[in-house]
Amino acid sequence: MYESLLFEISSPGRTACSLPDLDVPEAELPSEFLRQEAVNLPEISELDLVRHYVRLSQKNYSVDSVFYPLGSCTMKYNPKVNEVAAAMPKFTATHPLQPEETVQGNLQLMYELQEAIKEIAGFADVSLQPAAGAHGEFAGVLIMRAYHLSRGDTQRNNMLIPDSAHGTNPASCAMSGFSVQQIPSDERGNIDLDALRAACNETTVGLMLTNPNTLGLFEENIEEIAKIVHDAGGLIYGDGANLNAMMGVARPGDLGIDVMHFNLHKTFSTPHGGGGPGSGPVGVVEKLRPFQPGPIVAKDGDSYTLKMPEQSIGAVKSFWGNFGVLLRAYTYIRMLGEDGLRLATEDAVLNANYLRVKVGKTCPVKYDRVCMHEFVSMGDIAEGIHTMDIAKRLIDYGFHPPTVYFPLIVHEALMIEPTETESKETLDAFADVLEKIAEEARENPELLHSAPHTTEVSRLDEVVAARKPVLRYKA
Ligand SMILES: *Cc1c(COP(=O)(O)O)cnc(C)c1O
């Protein structure tokens, strides 16, 4: 295929923009600001420029182009109406340093979003400050710390975390100065209650719990777990990344969770991946309210104002957090309403279970019971075949691979989350392709070992690629 490269097709004097004639006197630039040498930029036409960037965008994977069952990441469709709202000049032309009375609309939106999240999750208050899930975790763990210290409970320095947890959980603890104790899972994929009981004592900060957990399984003993931890004086942190399996049906605040983050970019549909931007508001029960990060929007009669909680852990993000993401999440929630949010959850769970049964015939599911919004299969389906081979071969068939090798407690894990926005036809096509790949694995395993065959580059060292990316297009 003919593919123009910007520098190669550069032609002196050609340009992609046309500026109007100068109608003001030309000013002299001070000589210290002048370039010593001409900058080496390609000179090309507007059309060639458009083609270049459109082509680059097509090399990328997105929910708008392919099925993207990346477990734990909730890659649902992001409705375009969110973008319409986020692009409204009345929002884009405001600045967080403006006087509060001139940005009442923005503050009202934030207030109503706080109220909506409180209602959905059953908490006393919500701070919209954190910029991502991991950031919300960090803020939440600092809130737990501030609570214990405010009671003179200074010996609590040990956080309990199940072995199925996301890596950001122990990282948030380490950043807050706590040690981490791992709690094993039992054979049904729940937290081992005896191990939890044995670990709880006067040094326990609390338990970081993901529910449904990263196996896509509802924690069956959630009430008993909360009782054990609370009886020991600890708090329950909820990793809310999996709220897409629960919203409108059950409220974490009612199940014993004390503090929890929300991934607005997952559950409430904002384009994500590649590092952001995201938003990770954190919700709390009544007794943790004084410690929340701020500012938080309060309603005073008919007006909205920003307030800092009395014993706040402080601001964790500049200004109002990632306002553009808040705006999209708000739009999504208002468009779906109460019934729509519940239906989204129900369909997410239905889709996951439909696919669990179909895919399970090819890639066995480790904990094979009714799942929530995702499930974890195993990819070692033939002699010498690994999960990575299947993931890479899926790319050849036009699917983004599922999450691989996570959670760590499942050997050769293949973590699949279809989300509610996929049709039955897409789910069937995915399951059929997996079956076809399994056939290839038996008959021609080399096809899998050398996959993907359709991409610009094939098997990269992913760690080196992420840490030391080679960004030159020529050797
Ligand atoms: C995505 C995720 C996180 C981290 O959220 P980010 O917004 O990516 O920082 C934490 N826990 C679980 C279970 C997740 O899936």
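Predicted model: local features only at pLDDT ≥ 70, side-chain atom pairs only at ≥ 80, totals over all residues.
Residues are numbered from 1 along each chain as its sequence is written, and side-chain values rest on heavy atoms, with hydrogens and water left out.

The structure holds 23 salt bridges, a salt bridge being a side-chain nitrogen of Lys or Arg within 4 Å of a carboxyl oxygen of Asp or Glu. One of these pairs Glu456 with Lys59, at 3.4 Å from N to O. Because Glu456 lies in the loop between helix H13 (445–449) and helix H14 (462–467), while Lys59 belongs to helix H1 (residues 46–59), this pair ties together parts that are 397 residues apart in sequence. Helices are DSSP runs (H or I, at least four residues), numbered from the N terminus. Glu456 is exposed, with a relative accessibility of 63%, and Lys59 is partly exposed at 39%; here buried means under 20% relative accessible area, exposed means over 50%, and partly exposed lies in between (1.4 Å probe, protein chains only).

A salt bridge also joins Asp153 to Arg156, where the closest N and O atoms are 2.7 Å apart. Both partners are buried, since the relative accessible area is 12% for Asp153 and 11% for Arg156.

In helix H7 (residues 193–199), Asp194 and Arg197 stand three residues apart, about one turn of the helix, and their side chains meet in a salt bridge of 2.9 Å, N to O. Asp194 counts as exposed at 55% relative accessibility, whereas Arg197, with a relative accessible area of 40%, is partly exposed.

On the surface, Asp432, Glu435, Glu439 and Glu443 gather in a patch of negative charge. Such patches are made of residues with over 30% relative accessible area and no salt bridge, like charges being joined within 9 Å; Asp and Glu count as negative, and the place of a charge is taken as CG of Asp or CD of Glu. The accessible areas were computed by the Shrake-Rupley method with a 1.4 Å probe, and for residues only the protein chains shown count as cover.

Key:
Patch = residues over 30% accessible without salt bridge, like charges linked within 9 Å, V, L, I, M, F, W, Y side chains within 5 Å. Helix = DSSP H or I, 4+ residues; strand = E, 2+ residues; numbered from the N terminus.
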